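Welcome! Please take a moment to look over the protein shown here before reading on.

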Amino acid sequence: MTVTLHVCITCRAGETPGEGETTPGKRLHGAILKAGVPAGVSVVPVECLSACSQGCSVALSAPGRWSYVYGRLSDANAQDVVAGAAAYAAAPDGLVPWRSRPEIFRKQSLARIPPMISTTAVAPEAAE
């Protein structure tokens, strides 16, 4: 199963890039690709993760797994992002033990989102 690492390429991280300048989000995306994408991980550039006040951001997701959004990142964090994505890909449920996560994934998590519940699953009836 492929894990998706979404990288916000429109993130400006508080900067106002001039015309023709690369956004910090695009620099982060490029640095992640240069660092080497782990097996089982697909890097997808996205236009916005709605974490604009949190600097550059990325999200990790896969079907049936917990998803995570991380912020306050820069291209200097690319190796740690790649290491965190590799650990996430290796965890069958997406739950990487806290001590096994790169420091930026322990301290810069913005959100943790539970796996989607199958629409074919039967929901328990509401108590009357």
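## About the model

This is a predicted model, in which local features need pLDDT of at least 70 and side-chain atom pairs count only at pLDDT 80 or more, while totals for chains, interfaces and linings use all residues. Residues are numbered from 1 along each chain as its sequence is written, and side-chain values use heavy atoms, with hydrogens and water left out.

Let us start with helix H1, which covers residues 24–35. Helices here are DSSP runs of H or I with at least four residues, strands are runs of E with at least two, and both are numbered from the N terminus. The 12 residues of H1 should span 16 Å at 1.5 Å a residue, and the end C-alpha atoms are 16 Å apart, so the two agree. The expected span is 1.5 Å times one less than the number of residues in the helix. Just after H1, Gly 36 has a positive phi of about 105 degrees.

Which residues of H1 are buried? They are Pro 24, Gly 25, Leu 28, His 29, Ala 31 and Ile 32. Because they cover an arc of only 165 degrees around the axis, they sit on the same side of H1; the arc is taken from the directions from the helix axis to the C-beta atoms. "Buried" means under 20% relative accessible area, with exposed being over 50% and partly exposed in between, using a 1.4 Å probe and protein chains only. These buried residues of H1 pack against S1, strand S2 (41–46), strand S3 (56–61), strand S4 (67–73) and helix H2 (78–90).

His 29 belongs to helix H1 and counts as buried because its relative accessibility is 15%. Contact means heavy atoms within 4.5 Å. Leaving aside neighbours within four places in sequence, His 29 is in contact with Val 7, Ile 9, Val 43 and Pro 45.

Thr 4 is part of strand S1, residues 3–8, and is buried at 19% relative accessibility. Apart from neighbours within four places in sequence, Thr 4 is in contact with Ser 42, Val 44, Ala 59, Leu 60 and Ser 61. In strand S3 you will find Val 58, which is buried at 0% relative accessibility. Beyond its neighbours within four places in sequence, Val 58 has contacts that include Leu 28, Ile 32, Leu 49 and Tyr 70.

## Empty spaces

Where is empty space left? Rolling a probe the size of a water molecule over the atoms shows this. On a 1 Å grid over the protein atoms alone, a cavity is a set of points where a 1.4 Å probe fits but cannot get out, and a pocket is an open set with protein on both sides within 12 Å along at least five of seven lines; lining residues have an atom within 4 Å of a point.

The structure holds 1 cavity of 30 Å³ or more, and the largest cavity has a volume of about 70 Å³. S4 and H2 are the elements that give two or more residues to its lining, with the largest share, 3 residues, coming from H2. Among the lining residues of this cavity are Tyr 68, Tyr 70, Gly 84 and Phe 105.

The largest pocket holds about 150 Å³ of space. Its lining includes Cys 8, Cys 11, Arg 12, Cys 48 and Cys 52.

How values were computed. Points joined across faces, edges and corners; volume = space filled by probe spheres on them.
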